[in-house]
2 protein chains.
Amino acid sequence: MDKINVIKVGGAVVEDATSLKQLINQFATMPGYKVLVHGGGRSATRIAAQLGIESQMIGGRRVTDESMLQVVTMVYGGLVNKRIVAALQAEGVNAVGLTGADMDIIRSHKREPKMVTMDDGTQQMVDFGFVGDVDSANGKRLTALIKPIEGVEAVVPVVAPLTHDGKGNILNTNADTMASTVAKALVEDFDVTLTFCFEKPGVMANADDDDSVIPTINTESYAQLKQDGIVSGGMIPKLDNAFDSLNEGVKRVVITHFTDIEAKRGTIIEK
Amino acid sequence: MDKINVIKVGGAVVEDATSLKQLINQFATMPGYKVLVHGGGRSATRIAAQLGIESQMIGGRRVTDESMLQVVTMVYGGLVNKRIVAALQAEGVNAVGLTGADMDIIRSHKREPKMVTMDDGTQQMVDFGFVGDVDSANGKRLTALIKPIEGVEAVVPVVAPLTHDGKGNILNTNADTMASTVAKALVEDFDVTLTFCFEKPGVMANADDDDSVIPTINTESYAQLKQDGIVSGGMIPKLDNAFDSLNEGVKRVVITHFTDIEAKRGTIIEK
């Protein structure tokens with residue numbers, strides 16, 4: 001079975017010109033089949049602020065009202081995505097920018113208001129607005145793009161964190177979830193490695209010590225790490241996505257630094 | 001040879017909820033192969049204004065400095081494009097949003113400063129900034145998307161007026177030119193009809209009289225219409241694109257109202 005790398009990069013990486021360039025160079029030279037999934041939250045917050053729209057985050061997730069939906073649609077689907085696509089084209093990578101709506105690749109439904117643990121520890125009902133929880137992904141369509149057909153060059157999908165509900169609505173969707181969704185959708189046709197890249201060298205035992213990377217995390221040690229408070233905040237949904245991917249056929253999941261997209265170091269997630 | 005319709009719709013149509021809905025319904029029910037090319041200038045002007053960026057238009061064309069490039073990349077490639085894609089998906093059309101950078105479909109180069117006739121009739125050197133003049137289009141790649149391959153559903157491209165220069169830069173490109181470029185790129189594989197849709201019923205002898213539609217324009221009558229001042233402003237590049245398309249193998253070019261995308265009325269352009 002052909003191997004494929006699904007690389008997820010966070011907003012902080014793609015929104016800084018220097019780190020974006022490093023990422024693009026690495027991704028371009030990475031051999032074999034590949035997909036890039038990106039965030040863009042910092043740009044969305046910046047553009048929203050310029051438009052006089054306040055960003056409200058709860059538990060690390062963006063509350064997306066109608067005006068914020070407009071911002072994320074512009075920023076994720078347009079500004080960030082097309083910049084990456086053009087930069088990859090310049091490096092000879094035949095990239096295509098996609099949201100979940102494009103080719104109906106990822107469908108979701110609008111999240112119902114739900115009980116959330118707030119930063120102060122209290123529970124509260126939160127309506128996240130136009131946020132999509134994924135229902136299905138079209139792996140066949142992605143595979144048809146990624147694997148070359150006769151006379152047509154293969155393409156490399158660059159996926160923005162937006163989905164659609166099939167009723168005409170774009171929905172804001174967490175980029176880690178997008179990456180996990182894409183990875184799982186490809187397991188029928190590929191041997192899939194999912195790599196979450198960010199500005200840290202991996203999951204760290206001590207947030208202030210770059211040498212404290214935890215080399216492997218499995219289901220058991222994950223439970224312990226959460227209990228001990230070593231893993232918390234935004235790392236929890238990332239790891240939940242990682243385990244979910246492994247449980248649904250993804251072969252290898254790594255969390256590593258964005259300068260290490262071939263994941264020679266970092267934290268390996270095991271079932 | 002299979003027939004295909006390349007439909008270009010102006011910004012005024014896609015930016016109004018009611019006319020967009022009419023357009024989407026019509027486009028969705030139109031039989032056969034099809035491509036939609038859209039503008040978005042009014043949204044770009046509105047979002048730019050909200051960001052405190054002034055829109056400068058010369059001879060109907062937008063001057064695109066770095067901050068305006070950011071706006072058009074967001075608005076054309078993200079906001080307008082993805083809304084149309086999601087709306088078409090809701091009508092069962094398997095749309096994919098593309099800029100010229102995606103799959104390297106349309107390459108351009110940055111326009112050099114050039115002598116332009118200003119609105120007051122004077123000549124002046126103008127630097128339009130990050131504006132792309134088209135160099136080449138990849139018809140084979142478009143055809144591979146449009147015509148179904150075994151086991152994969154065909155898709156309908158929705159093209160935003162942005163190109164790239166192959167060096168990593170997105171460039172703002174006139175939507176009529178994009179439509180003409182796409183139409184010409186498809187002539188090897190399809191019998192192509194190019195339809196420019198806007199909020200008027202066609203090219204009119206009297207701008208204030210909707211019953212004054214000129215049924216056909218050919219090279220000779222075009223020269224006369226320009227000389228008489230009946231055709232002027234933004235209609236000139238549109239008609240230049242129309243004749244250019246016919247000269248390069250497009251079978252039929254029509255300018256008509258956006259409620260008439262199958263072009264039963266309107267102005268037919270003939271060589």
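Author: Let us begin with a definition: two strands are said to pair if DSSP finds at least two bridges between them. Please keep in mind throughout that this is a predicted model.

Reader: In which sense do strands E7 and E8 of chain A pair, and over how many bridges?

Author: In general, strands of a sheet pair through backbone hydrogen bonds, and they may do so in a parallel or an antiparallel way. Here strand E7 (residues 114-117) of chain A and strand E8 (residues 123-126) of chain A are antiparallel, with 4 bridges between them, and A:Val116 has A:Gln124 in E8(A) as its bridge partner. E7(A) and E8(A) make up a hairpin in which 5 residues lie between the strands, and in the turn A:Gly121 has a positive phi of about 90 degrees.

Reader: What is the order of the strands in the open sheet of chain B?

Author: The open sheet of chain B has 8 strands in the order E5-E10-E2-E1-E13-E15-E16-E14, and its pairing is mixed. Strands E5 (95-98) and E14 (216-217) of chain B each have a single partner strand and stand at the edges, so one side of each is left without a neighbour in the sheet. Helix H4 (residues 66-90) of chain B packs on this sheet, where it touches strands E2 (33-38), E5 and E10 (156-159) of chain B, and its direction makes about 170 degrees with that of E5(B). As an example of parallel pairing, strand E1 (residues 3-9) of chain B is joined by 7 bridges to strand E13 (residues 191-198) of chain B, with B:Cys197 in E13(B) as the bridge partner of B:Val9.

Reader: Which element gives the most to the side of chain A that touches chain B?

Author: The size of an interface is often given as the accessible area lost when the parts come together, but here let us count residues. In this model 37 residues of chain A are in contact with 37 residues of chain B, and H4(A) gives the most to that side of chain A, with 14 residues. By class, the side of chain A that touches chain B holds 17 nonpolar, 13 polar and 7 charged residues. Moreover, 100% of the interface residues of chain A are also interface residues in chain B, so the copies meet through the same surface.

Definitions and conventions:
Residues are numbered from 1 along each chain as its sequence is written. Chains are lettered from A and ligands numbered from 1 in the order in which they are written. This is a predicted model: local features need pLDDT of at least 70, side-chain atom pairs count only at pLDDT 80 or more; totals for chains, interfaces and linings use all residues. Two residues are in contact if their C-beta atoms, placed from the backbone, lie within 7 Å. Helices (H or I, at least four residues) and strands (E, at least two) are DSSP runs, numbered from the N terminus. Axes are lines fitted to C-alpha atoms, for helices over the stretch in contact, and angles run from 0 to 180 degrees between N-to-C directions. Ala, Val, Leu, Ile, Met, Phe, Trp, Tyr, Cys and Pro count as nonpolar, Asp, Glu, Lys and Arg as charged, and the others, Gly among them, as polar.
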